[in-house]
Number of protein chains: 2
Amino acid sequence: MDKWMEAAIDEAKKGLDEGGIPIGSVLVYQDRIIGRGHNRRIQKGSCILHGEMDALENAGRQPAAVYRECTLYTTLSPCPMCSGAILLYGIPRIVIGENETFMGSEALLRQHEVALTVLQDPVCIGLMRRFIQQNPDIWQEDIGV
Amino acid sequence: MDKWMEAAIDEAKKGLDEGGIPIGSVLVYQDRIIGRGHNRRIQKGSCILHGEMDALENAGRQPAAVYRECTLYTTLSPCPMCSGAILLYGIPRIVIGENETFMGSEALLRQHEVALTVLQDPVCIGLMRRFIQQNPDIWQEDIGV
């Protein structure tokens, strides 16, 4: 398994251990992680800290030239908000753990020539399947349903 | 002038007074503001707290039924990230102060049947014109250029 996806899964598991939604993400620039994060809806009462947004936020303010050489790893297909952030900053490559439990805005990202790799990783799928089964209401809130 | 846009402009001015980028936003539900905010890139070293995101965050966790009856007021045309957040939560109406100094993802929002009203308000335009002229680098960073 890709070491960066492993780091994103570690973030997802950290979120789960905190009682949160198990989605994690890391932002990689020149072969090192510059931002890591996980969904913090429950932990921080936040509606904007999805895993990808948390990783971007924790990377701090970066110039466009940095984002343009980054790859974002996320355990789940990115929702419209996170996809919008990817487009805003021009992140060119996204590695996605799975899109079986939720299909994000992959079509929009592809339209804008973002390169997507979907791993359909069984650990990522298992984490979300269990969480959604046990917490359907929180999950629906997280995706605006 | 619309009282909610006035509240969004007040937020933009508050941001400017703090040394920040003058973009403000309020989220209105059943004729009252449930979240207000302004761009906090400089103040918090944040790459995700655009005005609209800050207003959403300050509204706290809301069920989909609330967002579906909200109107979001923002002094500037919403960027891809903020537009994605609007789509994620299904906010049906957006009132935009101006889109002369920056054109956000209005076409995408319209594709998804979000109702947009653009005021081309001279106060909103003036705030951004001056800021961009005096701080071109910070502005470019904020929009990923």
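Two strands count as paired when DSSP finds at least two bridges between them. Helices (H or I, at least four residues) and strands (E, at least two) are DSSP runs, numbered from the N terminus. This is a predicted model, in which local features need pLDDT of at least 70 and side-chain atom pairs count only at pLDDT 80 or more, while totals for chains, interfaces and linings use all residues. Residues are numbered from 1 along each chain as its sequence is written, chains are lettered from A and ligands numbered from 1 in the order in which they are written, and side-chain values use heavy atoms, leaving out hydrogens and water.

Let's start with chain B. Here 5 strands make an open sheet with mixed pairing, in the order β2-β1-β3-β4-β5. At the edges sit β2 (32-38) and β5 (115-118) of chain B, each pairing on one side only. Strand β4 (residues 93-96) of chain B runs parallel to β5(B), with 4 bridges between them. Look for Val95(B), whose bridge partner in β5(B) is Thr117(B).

Now turn to chain A, where an open sheet of 5 strands, again mixed in its pairing, has the order β2-β1-β3-β4-β5. Strand β1 (residues 24-29) of chain A pairs with β2(A) in the antiparallel sense over 6 bridges, and Val28(A) stands opposite Ile33(A) of β2(A). Helix α3 (residues 51-59) of chain A packs on this sheet, touching β1, β2 and β3 (70-74) of chain A; contact means heavy atoms within 4.5 Å. The direction of α3(A) makes about 135° with that of β2(A), where axes are lines fitted to C-alpha atoms, for helices over the stretch in contact, and angles run from 0 to 180 degrees between N-to-C directions.

Helix α3(A) is mostly covered, with 8 of its 9 residues buried. Buried means under 20% relative accessible area, exposed over 50%, and partly exposed in between (1.4 Å probe, protein chains only). Among the buried residues are Met53(A), Leu56(A) and Glu57(A). After the helix comes Gly60(A), with a positive phi near 75°.

Next, find Thr101(A) in the loop between β4 (93-96) and α6 (106-111) of chain A. Leaving aside residues up to four places away in sequence, Thr101(A) touches Leu76(A), Ile125(A), Met128(A), Arg129(A) and Ile132(A).

Finally, compare the two copies. The same surface serves both copies, as 100% of the contact residues of chain B recur in chain A.
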